[in-house]
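Dear colleague,

Please find below the structure that I am handing over to you.

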Amino acid sequence: MDLATRRRRTALFLFFLMPGLSISSWVTRTPDIRDQLGASTAQMGLVLFGLSIGSMLGILSSGALVARFGTRPVMGVGTVLIIISIAVIGSGATLSSTPAVTAGLFLFGAGMGGGEVAVNIDGAEVEQITGRTVLPTLHGFFSLGTVVGALVGILCTAVEFPVQWHLGAVAVVAAGMFAYAFRAIPASVGRTKGPRSADDGTAPARTPVWKDRRLLLIGGIILAMALAEGAANDWLPLLMVDGHGVDPALGSAVYAGFAAAMTLGRFGGGFFIDRFGRAPVVRASALSAAFGLALVIFADSPVLAGAAVLFWGLGASLGFPVALSAAGDSGPDPAARVSLVAMIGYIAFLVGPPGLGFLGDHYGLRSAMTVVLAFVAVAVFLAPAIGTRRTTPQQAHAPQSHAPQALAPDAAPDAPRTARGE
C-alpha cells in the first residue's frame, strides 16, 4: 500500500469515527433530553422524524451529488452538518425547545445520510485498490466511536453533567478530527458528470443497477441488519429504562455494551470472512442478532436482557459493511451499486427507528422490537446472495489496471475509475 493510499485509509477511519462518536453522545443522553423536553415516547418519535426527513434528503441526493462533485466535497459538507447538529441538539435540550432538537436531528440526518454514502463509496474504492477486506474495519471505527461516545455519555449522565456542555465538547473534538482528515481525501473520486463527461453516444447502454436481482437481495440483507443497528442506536437506552426498569445510567451502560460488541465484531470480522466466506458469516451474524433480540424482547430478567444485547450487537456488526463490500464487486459500476445498497441501509438505519417509536407508544418498546426481529430472521435466508469468499488481491487488481488513477487529485472527470458515482 503506497503512502497516499495509507493516508487516505487513515482519514477514512476518522470519517467513520466522527459520526459514531456523535450519534452515541446524544443517544446516551436521550433520557435526559426527553425529560428536559417533557416528551412522551410518541413525541420522541416525532422528534426523531426530523432525523428521518434529513436522512431521506441526504440519502436521495447523495448519488447525484457524488456523480457531480465527487466524494470529497460531499463527505466534507456532510461531516460539517453533523458537527453543527450536535451543538444544535444540545442547545435545544437546554432551552427545552422541541423544534430546536428536531432541527438538530434534521441536520444530523442530512449530514449522515449524504456524507456517509460518499464515505462508503470511497472506502469501497480503497478496498478494490488494495484487494483487502477494508470496509468491516472502517465500520469498526464507527462502532469504536460509539463506544467512546457511550462511555463518556455514561459518565456525564451519572454526574448529571449538562447536556449542552457535553454535546458542545463533542462538536469541538469532531471539528478537530475533520480538519486533520479532510486533506487526505483525493478530489474527483466518483465524479462522472461534468463538462468533459457528456455522453457522446458512443458509450454502451448500461443496465440500471436496481434491476440486478442479486443486488436487490443484498439490499434486503443490509436493510434488515441496518434496522437492527439503528433500532439499538436510537432506542436501546430507553428500551432498557422503560421496558426493563433499569435506571438511566445503567441503560446507557447496556448501550455501551452493544457498541463494544459491534466494535469487536467489525474489527475481528475480516479474519472470519477470509476464512469462511461472506455468506456463512452473514448467516451466523443474523442468527446471533435474532437470538439477542428475542431475549431482549421476551425475557423478563433485566440481567438476561442486558447480556443478550451483546449477541444483538455482535450479530448486527457485519451485515452492513459486508453487504457493501459484496455490492461493490457484484458487477460493473461498483460505486453505483454501493450507493444503491447504502441508500437502502441508511433508510432503514435512520427512518426505521421513528416508526418503532410510534409502535412503542401503543404497544411498548419491547413489543415494537418484534418488527426488527422479523426482518433479521429474513436476512438469515437471504445470506447466500451475499456471495462466497472475497477475491484475492491479484483478482481484485486484474480487471482494475486503471484503479490508481482514482488517487490522482487532478484526474479528469471522464477518466476510467474503479468507483463511479452514478
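**Aromatic rings**

Phe13, Phe141 and Phe267 come together as one aromatic cluster. Here, rings of Phe, Tyr and Trp (its six-membered ring) pair if their centres lie within 6.5 Å; a pair is stacked if the planes are under 30 degrees apart, edge-to-face if they are over 60, and tilted for the rest. Before going further, please note that this is a predicted model, in which local features need pLDDT of at least 70 and side-chain atom pairs count only at pLDDT 80 or more, while totals for chains, interfaces and linings use all residues. Residues are numbered from 1 along each chain as its sequence is written, and side-chain values use heavy atoms, with hydrogens and water left out.

By the ring rule, the count is ten aromatic pairs. One of them joins Tyr255 and Phe258, which are stacked, with 6.4 Å from centre to centre and 20 degrees between the planes. These two residues are three apart in helix H9 (residues 248–276), so about one helical turn separates them. Helices (H or I, at least four residues) and strands (E, at least two) are DSSP runs, numbered from the N terminus. Tyr255 and Phe258 are both buried; buried means under 20% relative accessible area, exposed means over 50%, and partly exposed is in between (1.4 Å probe, protein chains only).

A further pair is formed by Phe272 and Phe276, which is stacked because the ring centres are 6.3 Å apart and the planes are at 15 degrees. Phe272 and Phe276 are four residues apart in helix H9, and about one helical turn separates them. Phe272 is partly exposed at 42% relative accessibility, and Phe276 is partly exposed at 46%.

Charged groups also sit over rings, a term used if NZ of Lys or CZ of Arg is within 6 Å of the ring centre and within 35 degrees of the ring normal. The charged end of Arg68 is placed over the ring of Phe69, at 5.3 Å from the ring centre. Arg72 lies over the face of Phe182, 4.0 Å from the centre of that ring.

**Salt bridges**

How many salt bridges does the structure hold? There are seven, a salt bridge being a side-chain nitrogen of Lys or Arg within 4 Å of a carboxyl oxygen of Asp or Glu. Among them is the bridge between Arg29 and Asp32, whose closest N and O atoms are 3.1 Å apart. Arg29 is buried at 2% relative accessibility, whereas Asp32 is partly exposed at 22%.

The side chains of Arg34 and Asp35 also form a salt bridge, at 3.8 Å from N to O. Arg34 has a relative accessible area of 15% and is buried; Asp35 has 54% and is exposed.

In another salt bridge, the closest N and O atoms of Glu229 and Arg266 are 3.0 Å apart. Glu229 belongs to helix H8 and Arg266 to helix H9, so this pair ties together parts that are 37 residues apart in sequence. Both Glu229 and Arg266 are buried. Finally, a network of salt bridges links Arg8, Asp122 and Glu125.

Helix H11 (residues 302–316) has 15 residues and reaches 21 Å from its first C-alpha to its last, close to the 21 Å expected at 1.5 Å a residue; the expected span is 1.5 Å times one less than the number of residues. Which residues of H11 are buried? They are Ala305, Gly306, Ala308, Val309, Trp312, Gly313, Gly315 and Ala316. These residues cover an arc of only 165 degrees around the axis, which puts them on the same side of H11; the arc is that of the directions from the helix axis to the C-beta atoms. Their cover includes helix H8 (213–244), H9, helix H10 (278–298), helix H12 (319–328) and helix H14 (365–382).

Asn120 is located in helix H5 (residues 98–130) and is buried, with a relative accessible area of 0%. Not counting residues up to four places away in sequence, Asn120 touches Phe16, Leu135, His139, Phe320, Leu324, Val338 and Tyr346, where contact means heavy atoms within 4.5 Å.

**The chain as a whole**

The secondary structure of the protein chain consists of 15 helices and zero strands. Of the 422 residues in the protein chain, 58% are buried. Among contacts in the chain with a separation of 6 or more, 86% are between residues 24 or more positions apart.

With kind regards
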